[in-house]
Amino acid sequence: MNAAHRPRAFAAVDLGATSGRVMIGRVGTDVLELEQVARFPNGPVRRADGLHWDFEVLVDHVIAGLAEAVRREPAIESIGIDTWAVDYGLLRGDALLAEPFHYRDERGARGADLVHARVPFAELYPRNGLQFLPFTSLYQLAADERAAEAETLLLIPDLLAHRLTGARVAERTNASTTGLLGVHGREWDLALAEGIGIRPALLPPLVDPGARIGRLLPAIAARIGADLPVVAVGSHDTASAVAAAPLASPSTAYISCGTWGLVGLETTEPVLTDAARDAGFTHELGVDGRIRFLHNVTGLWLLSETVRSWEGEDGAPIDLPALLDAAAAGPEVPLFDANDPSLSSPGDMPACIAAVVRATGAEPPSERAEFVRMIVESIAQAFADAVSTASALSGTAIEAIDLIGGGSLNQLLCQATADRTRLPVLAGPVEATALGNVLVQARAAGAFGADASLEALRGLVRRTHPPTHWAPRG
């Protein structure tokens, strides 16, 4: 292949709440490919003081994955990092004070009470535009006794970038999930931070997707085998995923479905009404300053935790695809509220779900396939409710839904979502997050020209990753 037309290569570090990957992305005129070079488990670890992330293990996995990526593709031009939102590490000097807490740790509720005693939620919403979630960073910080000893707060992707480069910055899409970023000015709300007892000095400078964070530290470059820059992407994984969502028109909603289901619309202006606040709709920043007007819905966490419990009972792996096939042919099942707070923590998920179902006066199925169908149909109904509410709150007549992420492989979920929303569902791409990560790096490197729009990036996604269409039945 002529060197001028050879696809350009980038490394994407994509960390989710249950696993992490390192991918090589190759981008050309009509080329958008991913090659997975490393995959590793991730999840909470229980310590004496609560749930944490084993950050040092994650760092080692990431560096080993990047070394393998460079070994396979020496032409890699840069590295981008995306992870889940809200969690952070506290630094004194270059040292972590402790392992970052996991967002499912119980301390968030205590922090929320402390914050709301100073600034009621009704006053917070017009300032940060976020729905109430007890694990939002400002609530975690309010309950974090270590904050008084720290010099800098870094969200997880920024903390990884610091470990690789030494730089201390906050990428703006992820910063928008902390509750400390102004929804209008899109800068740190220092007055709010001070008002709830958070020292403004903890908050690092903000950067946008596409900015160069820094080059690898010499010792890290030696381990990886290349001297590369780390480039800011939509470091909140949903921001990267939505950047790669096909979104053919403003009337297309999206569902980024994995552990969570993020359901909403891309807008240019916030919808800061009392109705939006009461409905639990949030405003998170996306790539190119777009707003992700969305509602957090419990996603496939319910299914994965249920399967994990059954595997513990059986002492053997569950064949989930076979179970989903059997579930598709099953009878009608009762529904439950997929967002019930009792389902938010690790544990015996089948028993927790059964209790929620019985509280409605129904009886949960005893057969596993039917139980799986009940979970999937309940998630789909939660998606449908959120889509309908997004339409009403924004005044947008929604015509189709892009369902992206790992959930797009779940055929039962795709069909149930189409049926319950009465809208066509376009499923894919599966690896939307990694694709969005790579696309932002490629644009920053000039692969699309200096002024390539987000729509141009999405056009490449549509050409190279055509979705699967699911029509509503009946």
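In the predicted model, Asp 113 and Ala 117 are exposed on one side of helix H2. On the other side of this helix, the buried residues are Arg 107, Gly 108, Gly 111, Ala 112 and Val 115. Viewed down the axis of H2, the buried residues fall within an arc of 140 degrees, so they line one face of the helix. These buried residues pack against strand E7 (88–92), helix H3 and helix H4 (137–142). Helix H2 itself comprises 12 residues, 107–118, and spans 18 Å from its first C-alpha to its last, close to the 16 Å expected at 1.5 Å a residue.

Helix H3, one of the partners of H2, covers residues 121–128 and includes Pro 126. Pro 126 counts as partly exposed because its relative accessibility is 41%, a value that lies between the limits of 20% for buried and 50% for exposed. When neighbours within four places in sequence are left aside, Pro 126 is in contact with Val 183, His 184 and Leu 272. The C-alpha atom of Pro 126 is separated by 8.4 Å from that of Thr 273, although the two residues are 147 residues apart along the chain.

The largest nonpolar core contains 83 residues, of which Leu 180, Leu 302, Phe 336 and Ile 353 touch the most other members. Helix H14 (residues 368–394) contributes the largest share of this core, with 14 residues. Residues up to four places away in sequence not being counted, Ile 353 touches Thr 306, Phe 336, Leu 343, Phe 371, Met 374 and Ile 375. Another core, of 76 residues, lies apart from the largest one; among its members are Ala 69, Leu 133, Leu 160 and Ala 243.

Conventions
Residues numbered from 1 in each chain as written. Predicted model: local features only at pLDDT ≥ 70, side-chain atom pairs only at ≥ 80, totals over all residues. Heavy atoms only, no water. Helix = DSSP H or I, 4+ residues; strand = E, 2+ residues; numbered from the N terminus. Buried < 20%, exposed > 50% of the residue type's maximum accessible area, 1.4 Å probe, protein only. Contact = heavy atoms within 4.5 Å. Expected span 1.5 Å × (residues − 1). Arc of directions from axis to C-beta. Core = buried A, V, L, I, M, F, W, Y, C linked by side-chain atoms within 4.5 Å.
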